[in-house]
Amino acid sequence: MNTHITRRSFLKKLGMTSAALTLTTAGCQSLSHLGGKPKRPNIMVIMADDLGYSDIGCYGGEIQTPNLNKLAYEGLRFTQFYNCSRCCPTRASLLTGQYPHQVGLTLNGRSMTRNGITIPEALKETGYSTAMVGKWHLTRTDQEPTGELQLQWLDHQIDFDRAFGPVESYPINRGFERHYGVIWGVIDHFDPFSLVDGETPIKEVPKDFYFTDAITDKAIEYIDDMSRTDQPFFMYVAHTAPHWPIHARPEDIEKYKDRYHDGWDQLRADRFQRQLKMGLFSKDNTPLPPVQTNGWDWNKLSADEKAYEARKMAVHAAMVDRVDQSTGRILDALKAHGQYDNTIIIFFADNGASPEIPGNPGYDRPSKKRDGTPLKYHNIPIDELGSEVSYTGIGAPWANACNTPFRYWKAQSYEGGNHTPMIIHWPAGLKTKSGSLTDQVGHAMDIMPTCLELAGITCPTEYQGNALTPVQGKSLVPVIAGQGEFKREPIFFEHEHGRAIRIGDWKLVANKNKPQKWELYNLAEDCTETNDLAQSNPEKAKEMADAWDDWARRIQLEDKRKNNG
């Protein structure tokens with residue numbers, strides 16, 4: 001089968017203009033307006049923040065996620081899709097189709113550089129409307145005041161006449177015609193710091209504010225506006241939930257108040273059984289490691305301690321539940337405007353569930369509410385968990401259970417850190433059977449070239465006078481078109497000295513806390529990374545280590561690290 005011809009035929013069936021088809025198949029290296037009334041799809045990317053691999057129902061979770069389940073059972077689920085194991089690196093990779101290190105994100109809290117064109121920058125040139133709601137986290141955040149002034153700023157006690165970072169790096173100046181959301185990465189979900197509309201800071205929020213709901217309200221407003229034209233649109237919905245601090249609506253917490261009293265070991269076992277029944281995994285190649293608890297033992301906790309931990313997980317579940325409610329409201333808006341069938345929706349997470357429990361105020365963590373009420377980082381009463389005065393996370397045992405069946409969590413390059421649920425839904429264009437699973441290996445950087453191909457363009461070599469680093473991702477259009485697998489080059493990972501490389505079924509990985517020790521796994525036989533083969537197969541380990549070293553040299557990793565990202 002000639003894949004090139006088949007892909008052209010697939011795009012033509014979608015109603016692409018001749019100009020769009022010419023750009024796609026001829027590999028034109030310039031962006032041009034397509035004109036007319038294109039039938040190209042709307043594109044919506046929905047990203048959850050610190051979501052566990054098994055949190056949503058269609059990946060084995062018990063949390064009520066009927067809307068995401070609907071997308072999955074009418075669409076396509078990936079079982080081997082990767083992110084960059086941390087918030088802002090994944091966001092940079094998603095938007096530019098490159099490794100985060102190539103576009104300024106070797107370290108967290110940096111601005112995305114201009115050698116990578118973003119999805120909205122590229123699509124805007126072809127007649128797409130572009131909009132974003134939610135968390136940006138791609139603007140440098142180390143120029144803030146320090147000490148007590150910093151805390152007063154975070155606490156909304158004083159107002160500096162200054163931006164939350166370089167304004168030129170804001171979403172509104174990186175291709176999005178509209179943006180409502182937060183510039184920084186960590187926020188109070190009831191009263192977020194760094195909230196903006198475009199470039200304008202929003203200095204007060206309504207009394208009943210909750211950020212997931214505000215994101216949704218604004219997304220619906222943007223859909224209403226963009227649906228009034230014949231232009232297709234690109235929308236990026238970037239949730240901050242369920243990232244710590246664990247904050248949720250009381251009515252959502254109530255749904256789960258009695259759900260987690262059996263503990264994290266039982267949660268992991270139950271989720272794994274559902275995953276097996278769904279066909280997400282097989283017992284033959286998925287040994288289930290015990291929950292990594294960092295020393296906690298559920299059976300040794302007192303009744304009060306168990307109730308306290310169960311409440312934490314209930315709040316996490318409530319946050320995920322509200323993200324699903326948000327998705328349902330957005331789907332209703334698309335349907336109301338006749339946009340549902342021809343909107344391709346891509347849902348995934350920026351990294352695995354987080355083991356972090358913030359210890360004290362500082363840098364991006366506030367110390368008090370706007371009214372002066374101190375926030376509680378320690379000794380939080382159980383009935384206040386989930387409220388605005390509570391500032392904590394779920395901790396390692398729950399995080400690892402949320403990432404069932406994998407080991408580890410956010411920030412590690414093991415599967416529990418960088419393996420994400422991934423759903424594609426598109427009634428008018430998806431050619432796979434409804435509810436299908438694919439084991440095609442994909443990565444967040446594949447989304448950008450996929451969007452460009454669906455829009456009928458290829459990435460230019462320069463944009464606004466800036467030379468562009470070549471896109472590293474691969475278009476997923478062959479998978480969307482039902483053509484099955486395509487050739488996958490090695491995928492590389494690095495974050496905070498944790499590192500990995502995947503070539504075919506082989507994965508070489510190093511713990512970020514022990515970065516010099518490589519571990520080797522055959523994921524076809526052991527997809528949960530339980531049997532380290534580095535000693536028994538040193539040739540394969542060396543071959544892959546050499547390939548990782550070559551990649552690190554090509555992207556000048558050490559130089560970038562020395563130059564502070």
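These are my notebook entries on a predicted model, taken element by element.

**Confidence**

The chain has a mean pLDDT of 92, and 93% of its residues reach 70 or more.

**The β14-β17 sheet**

Next I went to the sheet made of four strands. It is open, ordered β14-β15-β16-β17, with antiparallel pairing. Its edges are β14 (491-495) and β17 (519-522), each of which pairs on one side only. On average, neighbouring strands are turned by 15 degrees against each other, direction ignored.

I then zoomed in on the β15/β16 pair. Residues 498-503 (β15) and 506-510 (β16) are joined by five bridges in the antiparallel sense. Which residue of β16 is the bridge partner of Ile501? I found Leu508 there.

What lies across this sheet? Helix α15, residues 538-554, lies across β14, β15, β16 and β17, and runs at about 70 degrees to β14.

**Around β4**

I moved on to β4, residues 178-182. Four of its five residues are buried, so I call the strand mostly covered, buried being under 20% relative accessible area. On one pairing, β3 (residues 129-135) runs parallel to β4 and is joined to it by five bridges. On another, β5 (residues 195-197) runs antiparallel to β4, with three bridges. Val182 turns up in both pairings: it is the bridge partner of Lys135, and it stands opposite Leu195 in β5.

**Cores**

I looked up the nonpolar packing next. The largest core has 74 residues, and those touching the most other members are Met44, Ile56, Phe211, Met235, Tyr260 and Leu334. Helix α10 (residues 303-336) gives the most to this core, 13 residues.

Leaving out residues up to four places away in sequence, Leu334 touches Met44, Ile223, Phe233, Gln339, Tyr340, Thr343 and Ile345. Apart from this core lies another one, of 57 residues, including Ile43, Met112, Ala238 and Leu476.

Most peptide bonds are trans, and most residues other than glycine have a negative phi. From Ala241 to Pro242 the bond is cis, with omega near 0 degrees. Pro242 is in the loop between β7 (233-238) and α8 (250-255). From Thr404 to Pro405 the bond is cis too, with omega near 10 degrees. I place Pro405 in the loop between α11 (396-402) and α12 (415-418).

I also noted positive phi values. Gln464 is not a glycine, but its phi is about 50 degrees. I find Gln464 in the loop between β12 (462-463) and β13 (466-467). Is Gln464 buried or exposed? Its relative accessible area is 58%, so I marked Gln464 as exposed.

His497, also not a glycine, has a positive phi of about 80 degrees. That brings me back to the sheet, as His497 sits in the loop between β14 and β15. At a relative accessible area of 40%, His497 goes down as partly exposed.

Definitions and conventions
Residues numbered from 1 in each chain as written. Predicted model: local features only at pLDDT ≥ 70, side-chain atom pairs only at ≥ 80, totals over all residues. Heavy atoms only, no water. Pairing = 2+ DSSP bridges. Helix = DSSP H or I, 4+ residues; strand = E, 2+ residues; numbered from the N terminus. Axes fitted to C-alpha atoms, helices over the stretch in contact; angles between N-to-C directions. Contact = heavy atoms within 4.5 Å. pLDDT = per-residue confidence, 0-100. Buried < 20%, exposed > 50% of the residue type's maximum accessible area, 1.4 Å probe, protein only. Core = buried A, V, L, I, M, F, W, Y, C linked by side-chain atoms within 4.5 Å.
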